[in-house]
Amino acid sequence: MALDQSFVGRSYPPTAPYEVGREKIREFAEAIGDANPAYTDPEAAKALGHSDVIAPPTFVFAITYRAAAQVVQDPQLRLDYSRVVHGDQKFRYARPVRAGDRLSVTSTIESIKSMAGNDVVDIRGEVHDEAGEHVVTAWTKLVVRAPEEEA
């Protein structure tokens, strides 16, 4: 059954703040194999004009994907997460994520499309810091595969 189009435009409450730590940034940079010193060395980051270490561009995915769970778990939407695959991800930064940031995400359903029996849900996550400054917008595309009998 196709997802309800009336959910397009629905926004969910901002998440509780996520505090970005130096160690989390270092672990992430190490996990993706990026040795950029701006991710691990405060002095290297300061030499580039940052107040502290910055996070690799895809670091924010962990925060925005967790925020998108509000959409996925909305019982009224009736999205079957067991059939979901991650389709795409993109980011538009206003500034880098920095150690010490406390970030909240507001998720909005931008579109719901049905294609070949599958539903494609686009979720926009607006990420702001404690002062309300916009940091990044992230788009997550989820594909809800049709049950075998509908495919």
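T137 is buried, at a relative accessible area of 6%, where buried means under 20%, exposed over 50% and partly exposed in between, using a 1.4 Å probe and protein chains only. The model is predicted, so local features need pLDDT of at least 70 and side-chain atom pairs pLDDT 80 or more, while totals for chains, interfaces and linings use all residues. Residues are numbered from 1 along each chain as its sequence is written, and side-chain values use heavy atoms, without hydrogens and water.

T137 is found in strand 5, strands being DSSP runs of E of at least two residues and helices runs of H or I of at least four, numbered from the N terminus. Beyond neighbours within four places in sequence, the contacts of T137 (heavy atoms within 4.5 Å) include K90, F91 and R124.

F59 is buried at 5% relative accessible area, whereas F28 is partly exposed at 23%. Their rings form an edge-to-face pair, 5.5 Å centre to centre with 85° between the planes; pairing requires ring centres of Phe, Tyr or Trp (its six-membered ring) within 6.5 Å, with planes under 30 degrees apart stacked, over 60 edge-to-face and the rest tilted. F28 lies in helix 1 and F59 in the loop between helix 2 (42–47) and helix 3, so the pair ties together parts 31 residues apart in sequence.
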